Amino acid sequence: MPPPSPTDRTDISAIEPSAPVVEVCSLAVAYRERTGVHLALEDVDLTLLPGERVGILGESGSGKSTLAAALLGRLPDHARVTAGSVRIRGVDVFSAPSARRTIPGRVVGLVPQEPARALHPMKRIGRMVAEVVRSHRPGELAPGSAVVGALLELVELGPDPRFAAAFPHQLSGGERQRAVLARALAGNPAVLVADECLAASDARRRLRLMRTLRTAAAASGAALLVISHDPADLRHLVDQVLVLHRGRVV
């Protein structure tokens, strides 16, 4: 019997670690709207290797967030892939529904634009980070485990234990952003996607979060994909930039 093709594989963690983390090939995504069909992405190519730092630059409506959603296998119901493919660790995201369930958190860690929406208001920060570790790294979170503390310290929320015990509303905006980053890293992802996470920050908080993003990605070994409308931010964070305009790479 011939070996299974990458499309047939659903165990993403079994793929060769040195292989590309992300392979987007001729991707086109369309939205069904009242006025007709809107093409959000067209003929987009992107390859991201382990440890690489790549930026996606574009104005509002250029397709940046649609690309991020496609990488997570989380396109909205009124969107569909009309051409091309998205492979994460060799697995076609939209041809392997079982793999799509393991991608967010385990393979791709997302740092969204609005941290308040990513944090449960009634759960403590340490508990939310621990839930991701328990879900995607079973066996690593024994009672008294230092994993959560190490993650919070990596994003500059430790070793002070009050951060793990805090609820989101008890933290500042910058602290909530770093808590979301810790949660994104908790699944030990192969790629960290920062989707406009610097947009609402003032200059001082932005610089600190940039430093934390770089340090955390390097320490975890994750590739870093930063989505932004601001070229100044990308200049400090990534080694190469892909520019999107009206859904196309220009």
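1. In this predicted model, helix α4, which covers residues 125–136, and helix α5, which covers residues 147–154, have axes that come within 10 Å and cross at roughly 110 degrees. Because angles of 65 to 115 degrees count as roughly perpendicular, α4 is described as roughly perpendicular to α5. The crossing in which α4 passes α5 is right-handed.

2. The residues that make this contact can be picked out in the structure: α4 contributes Ile125, Gly126, Val129, Ala130 and Val133, while α5 contributes Val147, Val148, Leu151 and Leu152. When the residues in the contact of α4 with α5 are sorted by class, eight are nonpolar, one is polar and none is charged.

3. Helix α7, residues 173–185, packs with helix α8, residues 203–220, at an angle of about 15 degrees, and their axes lie 11 Å apart. Since angles under 35 degrees count as roughly parallel, α7 is roughly parallel to α8. Here too the handedness can be stated, for α7 passes α8 in a right-handed crossing.

4. On the α7 side of this contact are Gly173, Gly174, Gln177, Arg178, Leu181 and Leu185, and they meet Arg205, Arg208, Leu209, Thr212, Leu213, Ala216 and Ser220 on the α8 side. Sorted by class, the contact of α7 with α8 holds five nonpolar, five polar and three charged residues.

5. Which residues does Thr212 touch, if those up to four places away in sequence are not counted? Thr212 is located in helix α8, and the residues it touches under that condition are Leu154, Val155, Glu156, Arg178 and Leu181.

6. Cys197, with a relative accessible area of 4%, is buried.

Terms used. Residues numbered from 1 in each chain as written. Predicted model: local features only at pLDDT ≥ 70, side-chain atom pairs only at ≥ 80, totals over all residues. Heavy atoms only, no water. Buried < 20%, exposed > 50% of the residue type's maximum accessible area, 1.4 Å probe, protein only. Axes fitted to C-alpha atoms, helices over the stretch in contact; angles between N-to-C directions. Helix = DSSP H or I, 4+ residues; strand = E, 2+ residues; numbered from the N terminus. Parallel < 35°, antiparallel > 145°, perpendicular 65-115°, else oblique. Left-handed = near helix turned anticlockwise from the far one by under 90°. Contact = heavy atoms within 4.5 Å. Nonpolar A, V, L, I, M, F, W, Y, C, P; charged D, E, K, R; others polar.
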